[in-house]
Amino acid sequence: MSLQSNMRIDADRLWNSIHEMAKIGPGIAGGSNRQTLTDDDAKGRKLFQTWCEDAGLTMGVDQMGTMFMRREGTDPDALPVYVGSHLDTQPTGGRYDGVLGVLGALEIVRTLNDLGIRTRHPIVLTNWTNEEGTRFAPAMMASGVFAGVMSLEEAYAKTDAKGATFGDELARIGWKGEEAVGARKMRAFLELHIEQGPILEAEQVDIGVVTHGQGLRWIQCTVTGKESHTGSTPMPMRRNAGRGLAQIIELVHAIAMDNVPNAVGAIGHIDVYPNSRNIIPGKVVFTIDFRSHEIDRLNAMVERFEREAPKLCEALGVELAYETVGQFDPPAFDRTLVQSIRDGAERLGYSHRDIVSGAGHDACWINNVAPTAMIMCPCVDGLSHNEAEEITRDWAKAGADVLLHAVLETAEIVE
């Protein structure tokens, strides 16, 4: 049996599953708040497990809590094709980020069951733990441990804002498996995701064929001055840590602008101490996020920050300390898998274009240990990590249709 253009997923079933999952951990404005290792995360996992088992899949869980739901192939010795994403969300997240990739993978298996299609290679649906990194930093933690960029012990020791450890919370919600992390061997890993950017919608393109991911550097900075009264401290005698923040914000923007269109940079997280209206800030802690899909460019951006930022702070009479708290080099995805995505879009009649992923994804780490590729569908106004995140049913269908064809080409249909 060869791939045919009439092999397509059930769009209504996929759409209904997405919105059924969104009932668990609902946000306050229509989105989702299903942060990792919370009770709602456990409930979402259980629902996914139930749906997978109803589709005839068997479950494995590793020591990071990542779920692996297996559909057997006809060759017991063939390496499995893995496909999935994540079910955890931001605290004010949307309904589609990550979820589309997990439930799109489930819809593929349901479609294969409907069509009576068998594959030589097993297919394993995957829900990676703590992709978002919003409660326990860094992001893409479970896939990072799987790929060997972080140890299990390091991950378990990470704490949230209340001091709870990742390891303890994983055990508390009942999803701490026994399988060694990274023990599984993959033929390939494929991930469907919303773009989280405006390009596909603006250009009215159905499918983004992801050729590269952006590398990133997260630099946590602490500017230290001296707390003093805003009314009684003479201007020339102030050591205002807030001014250090302000000038570094402008420096980061200038660095990024000097590298467009192939790089971005911004400061997101900011804590000001003591954060009182009549006290000059004595300390500011913030994180810089530099990204580019070109490693030399990314490194040069960081080097310029390291060269110029200390001088800015010294001139203000404040001190700057900084450390890299998150990083990965830009991945180039597997050319054969990338071509299978292009071929699938062509076969199905969907418009497509090559694209670079502006966000980090589990596929970026798994790319270190297995052939990997990603498919993207548009999202309205490029808005993500926001409860107003939105896609259309047709966009979800197109992405899942192409994913189906890429998975079947890789897993090999049995005649």
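L37 lies in the loop between α1 (11–21) and α2 (39–54), where helices (H or I, at least four residues) and strands (E, at least two) are DSSP runs numbered from the N terminus. The phi of L37 is near 60 degrees, a positive value in a residue other than glycine, and L37 is buried, with a relative accessible area of 0%; buried denotes under 20% relative accessible area, exposed over 50%, and partly exposed the range in between (1.4 Å probe, protein chains only). The structure is a predicted model, in which local features need pLDDT of at least 70, side-chain atom pairs count only at pLDDT 80 or more, and totals for chains, interfaces and linings use all residues. Residues are numbered from 1 along each chain as its sequence is written, and side-chain values use heavy atoms, with hydrogens and water left out.

A positive phi, of about 65 degrees, is also found at Q196, which is not a glycine. Q196 is placed in the loop between β5 (188–194) and α7 (199–202) and is buried, its relative accessible area being 19%.

Two cis peptide bonds involve proline. The bond joining V260 and P261 is cis, with omega about 5 degrees, and P261 is situated in the loop between α8 (241–257) and β9 (263–273). The peptide bond from Y273 to P274 is likewise cis, with omega near 5 degrees, and P274 belongs to the loop between β9 and β10 (279–280).

In the protein chain as a whole, there are 12 helices and 14 strands, and buried residues make up 55% of the 415 residues.
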